[in-house]
Amino acid sequence: MSHEIYAEAETAGIPTEAIVASLGCGNPTALAQLKPGETVLDLGSGGGIDVFLSAKRVAPGGKVYGLDMTNEMLALARENQKKAGVDNVEFLKGEIENIPLPDGAVDVVISNCVINLSVDKSRVLKEAFRVLKAGGRFAVSDVVLCGDIPAELRNNPELWAGCVAGAMQESKYRSELAAAGFVDIGIEPTRIFRAADVREFLSAAGAEAVAVADQADGKIMSAFVRATKPATDSADRTKGKAVSKIQILGTGCKRCRDLTANAEKAVQELGIEAEIEKVTEIQDIIKFQILMTPGLVINGQVKAAGRIPSIEEIKQMLVIAGGN
Ligand SMILES: C[S@@+](CC[C@H](N)C(=O)[O-])C[C@H]1O[C@@H](n2cnc3c(N)ncnc32)[C@H](O)[C@@H]1O
């Protein structure tokens with residue numbers, strides 16, 4: 001899963017050992033829209049690749065914490081830090097279920113293929129919420145399931161280590177994030193794994209259940225999971241956020257038409273006024289940095305990509321965007 005994630009230009013100046021040790025399933029740093037001066041926390045930082053990439057983006061004035069529970073990974077990450085000569089980085093020892101930072105300490109929580117490994121994911125999400133400042137962002141790459149996978153795969157210990165067996169269903173991820181208090185939740189696929197990919201994970205893990213790979217076809221994905229901790233001041237939340245514009249990104253496929261129909265119905269059922277615009281030109285769609293169409297954008301913010309949210313879900317997104 002960790003092949004060909006980072007562009008060559010992006011990793012310039014990062015020690016080779018950090019790049020080689022990379023075990024992620026996405027590039028959260030590239031998608032998190034980090035800004036100079038921000039404080040970032042990487043949950044399960046491993047050899048430190050995403051910490052070093054974030055450190056470049058938040059400089060000058062920003063800081064990045066890497067949190068990991070294993071001495072081996074912390075030693076490797078600190079060695080890599082020395083080689084890279086970066087000083088706006090600190091590696092902490094601890095568990096992501098019990099983050100050793102005070103409340104409201106960071107602007108952004110990132111993570112790359114780690115939350116799926118936790119046996120208490122709901123606690124991890126609550127901890128991420130606690131350490132974020134009001135208005136802070138959760139921007140995580142993770143393995144997510146989009147369908148039932150056979151029990152032989154779910155119970156396979158090698159596939160737990162390989163980040164597949166412990167992965168949450170997309171709907172569960174959303175409900176756990178909402179239960180932790182997050183809003184503006186989005187899960188966008190960055191890669192959907194086919195039966196041949198699953199067969200490859202299984203044989204690499206020395207597993208025998210290769211025959212069940214077909215049943216997992218298209219049900220495992222690497223995804224970018226985003227969410228926001230609400231600003232505490234409700235006036236801030238509503239300021240300038242009245243729902244005025246919905247954009248449907250897509251080149252006119254049937255799925256785009258279905259999404260448009262759901263959005264129209266959601267607006268109608270809520271009885272609100274909103275302009276619905278269809279964005280069909282590729283050069284306009286790519287400005288939103290989505291990886292799959294159809295896409296749904298509300299007041300300039302991408303709410304869904306590569307899937308068709310239900311009418312109920314769109315209603316919920318519109319209510320949150322309107323600050324109601
Ligand atoms: C799949 S690796 C990913 C490492 C890194 N994020 C990357 O992209 O290369 C998982 C990392 O998470 C750490 N880890 C797993 N479970 C953890 C937990 N509950 N608390 C803290 N670290 C954890 C492991 O020690 C390991 O370094």
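Biologist: Which residue has a polar backbone atom 2.8 Å from a nitrogen atom of the ligand?

Modeller: The model is predicted: local features need pLDDT of at least 70, side-chain atom pairs count only at pLDDT 80 or more, and totals for chains, interfaces and linings use all residues. Residues are numbered from 1 along each chain as its sequence is written, and side-chain values use heavy atoms, with hydrogens and water left out. A polar contact is a pair of N or O atoms within 3.5 Å; within protein, one must be able to donate a hydrogen and the other to accept it, and residues adjacent in sequence count only if both atoms are side-chain atoms. For the ligand nitrogen, the backbone atom at 2.8 Å belongs to G44.

Biologist: How many charged residues are in the shell around the ligand?

Modeller: There are 20 residues around the ligand (each with a heavy atom within 4 Å of it), and among them L23, G44, D68, I96 and E97 come nearest. Asp, Glu, Lys and Arg count as charged; Ala, Val, Leu, Ile, Met, Phe, Trp, Tyr, Cys and Pro as nonpolar; and the others, Gly among them, as polar. The shell has eight nonpolar and eight polar residues, and its charged residues number four.

Biologist: Within what arc do the buried residues of helix 11 fall, seen down its axis?

Modeller: Helices (H or I, at least four residues) and strands (E, at least two) are DSSP runs numbered from the N terminus. Buried means under 20% relative accessible area, exposed over 50%, and partly exposed in between (1.4 Å probe, protein chains only). In helix 11 (residues 254-270), C256, L259, T260, N262, A263, A266 and V267 are buried. They line one face of the helix, because the directions from the axis to their C-beta atoms fall within an arc of 165 degrees.

Biologist: Which exposed residues does the opposite face of helix 11 carry, turned away from its buried side?

Modeller: An α-helix has 3.6 residues a turn, so residues three or four places apart point the same way. On helix 11, the face turned away from the buried side carries K254, R257 and Q268.

Biologist: What is the phi of N299?

Modeller: N299 lies in the loop between strand 11 and strand 12 (301-305) and counts as partly exposed at 30% relative accessibility. Although N299 is not a glycine, its phi is positive, at about 50 degrees.

Biologist: With which residue does the side chain of K303 make a polar contact of 2.8 Å?

Modeller: K303 is part of strand 12. Its relative accessibility is 4%, so K303 counts as buried. The side-chain partner in the 2.8 Å contact is D184.

Methods:
The expected span of a helix is 1.5 Å times one less than its number of residues.
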